[in-house]
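I opened the notebook to look at ring contacts and strand order. The entries follow in the order I made them.

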Amino acid sequence: TNIQVYQANAMLEPNTLYSLSFKANSNTGHDVWIALHKHVSPYTNYGLGKVFDLTSSWQEYTVQFTTTGFSNTVNDGRLAFLLSSYNATGDEYFFDDVVLTKLGAAN
């Protein structure tokens with residue numbers, strides 16, 4: 001009920017524009033939900049929560065978002081790739097070249 005791959009302890013600045021890019025596929029084309037939130041309870045959303053429509057072929061995905069939910073720089077962010085809402089028996093997911101980039105202050 002909780003299948004995920006994640007990177008913990010991401011440092012983030014408040015009200016800042018970021019870009020997430022990655023390459024991915026799943027053998028069945030099932031989706032993935034990607035979230036950026038506080039690593040420990042309460043799991044405060046830090047500005048990213050999006051479903052990506054994966055295919056069975058490698059594709060590159062990119063999303064820009066502005067951080068929210070905190071007012072000072074944090075180092076407890078969890079970038080999570082959540083599979084449990086979409087996977088089925090026999091599914092295989094592949095991820096590569098995951099990059100989270102700070103773009104600058106939000107407008």
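**Charges over rings**

I began with R78, whose charged end sits over the ring of Y6, 4.5 Å from its centre. I also looked up K50, and its charged end sits over the ring of F52, 5.3 Å from the centre. A charge sits over a ring if NZ of Lys or CZ of Arg is within 6 Å of the ring centre and within 35 degrees of the ring normal.

**Source notes**

The model is predicted, so I noted that local features need pLDDT of at least 70, that side-chain atom pairs count only at pLDDT 80 or more, and that totals for chains, interfaces and linings use all residues. Residues are numbered from 1 along each chain as its sequence is written, and side-chain values use heavy atoms, with hydrogens and water left out.

**The open sheet**

I traced three strands in an open sheet, in the order β5-β2-β7, with antiparallel pairing. Strands are DSSP runs of E with at least two residues, numbered from the N terminus, and two strands pair if DSSP finds at least two bridges between them. β5 (59-66) and β7 (93-105) stand at the edges with a single partner strand each, so one side of each has no neighbour in the sheet. Neighbouring strands here are turned by 15° against each other on average, direction ignored; the axes are lines fitted to C-alpha atoms.

I then looked up strand β2 (residues 16-26), which is joined to β5 by eight bridges and runs antiparallel to it. F22 stands opposite Y61 in β5.

**Aromatic pairs**

How many aromatic pairs does the structure hold? I found ten. Rings of Phe, Tyr and Trp (its six-membered ring) pair if their centres lie within 6.5 Å; planes under 30 degrees apart count as stacked, over 60 as edge-to-face and the rest as tilted.

F22 and F81 make an edge-to-face pair, 5.5 Å centre to centre with 85° between the planes. F22 lies in strand β2 and F81 in strand β6 (residues 74-82), so this pair ties together parts 59 residues apart in sequence. Is F22 buried or exposed? F22 is buried at a relative accessible area of 1%, and F81 is buried at 6%. Buried means under 20%, exposed over 50%, partly exposed in between (1.4 Å probe, protein chains only).

The rings of W58 and F94 have centres 6.5 Å apart and planes at 55°, so I logged the pair as tilted. W58 is partly exposed at 48%, and F94 is partly exposed at 37%.

Last, I noted one aromatic cluster formed by F22, F52, Y61, F81, Y93 and F95.

How values were computed
Helix = DSSP H or I, 4+ residues; strand = E, 2+ residues; numbered from the N terminus. Axes fitted to C-alpha atoms, helices over the stretch in contact; angles between N-to-C directions.
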